[in-house]
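Biologist: Could you take me through this model before I use it? I would like to begin with the overall layout and then turn to particular residues.

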Amino acid sequence: MGPVVRRPVAWVTALVLLAEAIGVALLNWFLGVVVDRQDMSLAGLDSDTMAVSSKIGGLVFGLYFVACAVSALLVGVRDRAPGLVGRVLLISAAVVHALLGAFTVGLVGWGAFVFMMVVLGLIVFTLLAYDRREAGPVDAAPPGGGGDGEGLRREDGAAQGGTVDLGKGAGDGRHGDGGTAVVPPPAPSAS
């Protein structure tokens, strides 16, 4: 999949996760303020404890979603797969959105479920659009240094750089592709 599609999706994923971070932090802060002003108590818990816990939880989840957004943004800017920490953050965000989507159907409704599934799809697409085995700009040249697959020859005929000059024989099944010989398997015998 080309960078024409995957980079904008990574950027959109970062923007959505950033908006979600702000929304989660503000919602929990608002709930903490409401609990604090109403002097509510739940099963004998102190209202101040509940208010502070709600605010701290909102900040923690907000920072978590900001970290996920930064990871998705770096994927879009660099146009390559995320590192280990970024990958773990995005996978955990995908799991969180799948679970929240399952819970929001009954609590909030189908609109919230659809939103959670769209965000889940964006995160999964961002993760899967970048193959970790793709050769980056540094890894593009083969280790032999020649890059043409024929190897480098010294004047005495010995190969340099760890590659072998296999020539370009017609029909012998051996072509130089970075120094490895490709030999077809033996034909099965009909007995």
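Modeller: What follows covers the overall layout, the helix packing and a few individual residues. This is a predicted model, in which local features need pLDDT of at least 70, side-chain atom pairs count only at pLDDT 80 or more, and totals for chains, interfaces and linings use all residues. Residues are numbered from 1 along each chain as its sequence is written, and side-chain values use heavy atoms, with hydrogens and water left out.

Biologist: How many helices and strands are there in the protein?

Modeller: The protein has 4 helices and 2 strands, and along the sequence they follow the pattern α-α-α-α-β-β. Helices (H or I, at least four residues) and strands (E, at least two) are DSSP runs, numbered from the N terminus.

Biologist: What share of the 191 residues is buried?

Modeller: Buried residues make up 25% of the 191 residues. Buried means under 20% relative accessible area, exposed over 50%, and partly exposed in between, with a 1.4 Å probe and protein chains only.

Biologist: And which share of the contacts comes from residues 24 or more positions apart?

Modeller: Such residues account for 55% of the contacts with a separation of 6 or more. Contact means heavy atoms within 4.5 Å.

Biologist: On to packing. At what angle do H2 and H3 pack?

Modeller: Helix H2 (residues 47–78) and helix H3 (residues 84–107) pack at about 125 degrees, with their axes 9 Å apart. That makes H2 oblique to H3. Axes are lines fitted to C-alpha atoms, for helices over the stretch in contact, and angles run from 0 to 180 degrees between N-to-C directions. Angles under 35 degrees count as roughly parallel, over 145 as roughly antiparallel, 65 to 115 as roughly perpendicular and the rest as oblique.

Biologist: Is the crossing of H2 and H3 left-handed or right-handed?

Modeller: The crossing of H2 and H3 is left-handed; the term applies if the near helix is turned anticlockwise from the far one by less than a right angle, and right-handed if clockwise. Residues making the contact include Tyr64, Phe65 and Cys68 of H2, together with Leu89, Val96 and His97 of H3. By class, the contact of H2 with H3 has 9 nonpolar, 4 polar and no charged residues. Here Ala, Val, Leu, Ile, Met, Phe, Trp, Tyr, Cys and Pro count as nonpolar, Asp, Glu, Lys and Arg as charged, and the others, Gly among them, as polar.

Biologist: How do H3 and H4 cross?

Modeller: The axes of H3 and helix H4 (residues 110–128) come within 8 Å and cross at roughly 160 degrees. H3 and H4 are therefore roughly antiparallel to each other, and H3 passes H4 in a left-handed crossing. Among the residues making the contact are Arg87, His97 and Gly101 of H3, with Trp110, Met116 and Met117 of H4. The contact of H3 with H4 has 17 nonpolar, 4 polar and 1 charged residues.

Biologist: Is histidine 97 buried or exposed?

Modeller: Histidine 97, in helix H3, is buried, with a relative accessible area of 0%. Leaving aside neighbours within four places in sequence, histidine 97 is in contact with Leu17, Glu20, Phe65, Met116, Met117, Val119, Leu120 and Ile123.

Biologist: What about glycine 101?

Modeller: Glycine 101 lies in helix H3 too and counts as buried at 0% relative accessibility.

Biologist: Changing topic, what does the side chain of arginine 6 reach?

Modeller: The side chain of arginine 6 reaches the backbone oxygen of alanine 129 at 3.2 Å. A polar contact is a pair of N or O atoms within 3.5 Å; within protein, one must be able to donate a hydrogen and the other to accept it, and residues adjacent in sequence count only if both atoms are side-chain atoms. Arginine 6 lies in helix H1 and is buried, with a relative accessible area of 7%.

Biologist: Where is aspartate 39?

Modeller: Aspartate 39 lies in the loop between helix H1 (3–38) and H2, and counts as exposed at 60% relative accessibility.
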